[in-house]
Amino acid sequence: MSIILTVAPVHRPRLWTMQLYGYLLILPALSFLLLFTHYPAVATVWESLFSAARNGHPAQFVGLDNYLALLDDDIFIQSLRNNLLYALITIPLAVTLALLMALAVNRQMRATALVRTAFFIPSLLPMIAIANLWLFFYTPQLGLLNKLLALFSLPAVNWLGEPQSALYCLMAVSVWREAGFFMIFYLAALQQIDPRLGEAAAIEGASRRYFFRRVQWPLLMPTTLFVLINASMNAFRIVDQVIAMTNGGPNNSSSLLLFYIYRTAFSFWDMPAAAAMTVVLLVILAAIALLKFNLLDKRAHYQ
């Protein structure tokens, strides 16, 4: 007598059910992304196509008139020029200083943890605290910098009150703050490099400079690209520092793009003009991102 055992077939979920389950899992994150990123961007573009509602008159569709008006806005042109100069100076300085600090603290020496902490602390401080600290340095007559000048019998300088120096004073604060933050990324990348490469270079008699130029620098290129993109975006998102230290003065010499957008929107209450400038800022940031993903990434060597 033979017994035949039958095994019930295993019913797998249908493909569409699995896909629906996956979409449900990402729905919370996707909702926040659409609500706080994509919708504001689309709404900003839409608002930039209308005029401002004033004196009881509703907003009217004006097309690209708000963008054309920016070409005749001298303060906008100056703010954009200031921001480009700000980015061209602060980005190389912050990245270079971060790399030098990372190379310095990557060695085995006494008080390494203390030095790393000292380099990183500025990036942890809130901008208002940093601004008040540097205002003490820049204060006319009583500031620390002018006290140092007095030791050499040099005249005092109104650092934040002169159009020739106000923007560069803001640059110094940004470099001081961001270099320590970028140092962490470089330090992590340096510690990921195989130590056997350094041992082999030492056996071959390679100098430290040659080892950095031929081995470390190529391997640090992905980190450098990441830091450059973040530094570029940070350079176009400065607003709290300007408000706390110069308020865009004197004579708009330290006015940056995002600060002028903020002032146009919440001081002049010209939301469509501010929206048009915001779209210009988004285009600049998108161009930086495209440059990174389509050009610079191809030249980086990933381990």
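## Aromatic side chains and their surroundings

Author: One aromatic cluster is made up of Trp134, Phe136, Phe137, Tyr138, Trp159 and Trp176, where rings of Phe, Tyr and Trp (its six-membered ring) pair if their centres lie within 6.5 Å, and planes under 30 degrees apart count as stacked, over 60 as edge-to-face and the rest as tilted. This is a predicted model, in which local features need pLDDT of at least 70 and side-chain atom pairs count only at pLDDT 80 or more, whereas totals for chains, interfaces and linings use all residues. Residues are numbered from 1 along each chain as its sequence is written, and side-chain values use heavy atoms, with hydrogens and water left out.

Across the whole structure, 14 aromatic pairs are found. One of them joins Phe50 and Phe61, whose ring centres are 5.5 Å apart and whose planes stand at 80°, so this pair is edge-to-face. Both Phe50 and Phe61 lie in the loop between α1 and α2, so their pair ties together parts that are eleven residues apart in sequence; helices here are DSSP runs (H or I, at least four residues), numbered from the N terminus. Phe61 is exposed, with a relative accessible area of 53%, on a scale where buried means under 20%, exposed over 50% and partly exposed in between (1.4 Å probe, protein chains only). Another pair is that of Phe266 and Trp269, with centres 6.2 Å apart and planes at 80°, so it too is edge-to-face. Trp269 is exposed at 56% relative accessible area, while Phe266, at 46%, counts as partly exposed.

Phe266 also belongs to helix α12, which covers residues 257-266; seven of the ten residues of this helix are buried, so α12 is largely enclosed by the rest of the structure. The buried residues are Leu257, Phe259, Tyr260, Ile261, Arg263, Thr264 and Ala265. The loop between α11 (240-245) and α12 holds Pro250, and the peptide bond that leads from Gly249 to Pro250 is cis, with omega near -5°. Asn251 is found in that loop between α11 and α12 as well, and its phi is near 60°, a positive value in a residue other than glycine. Asn251 is exposed, with a relative accessible area of 65%.

A positive phi of about 60° also occurs at Ser153, although Ser153 is not a glycine. Ser153 sits in the loop between α6 (144-151) and α7 (166-192), and at 67% relative accessibility it counts as exposed.

To return to the loop between α1 (15-47) and α2 (65-70), Gly63 is found there and is buried, with a relative accessible area of 13%. Leaving aside residues up to four places away in sequence, Gly63 touches Ser48 and Leu49, contact meaning heavy atoms within 4.5 Å. From Gly63 to Trp46 there are 17 residues in sequence and 9.5 Å in space, C-alpha to C-alpha. Within helix α1 lies Val45, which is partly exposed at 39% relative accessible area.

Finally, a search of the whole structure finds one salt bridge, that is, a side-chain nitrogen of Lys or Arg within 4 Å of a carboxyl oxygen of Asp or Glu. The partners are Asp194 and Arg196, with their closest N and O atoms 2.7 Å apart. Asp194 is partly exposed, with a relative accessible area of 28%, whereas Arg196 is exposed at 58%.

Terms used
Helices (H or I, at least four residues) and strands (E, at least two) are DSSP runs, numbered from the N terminus.
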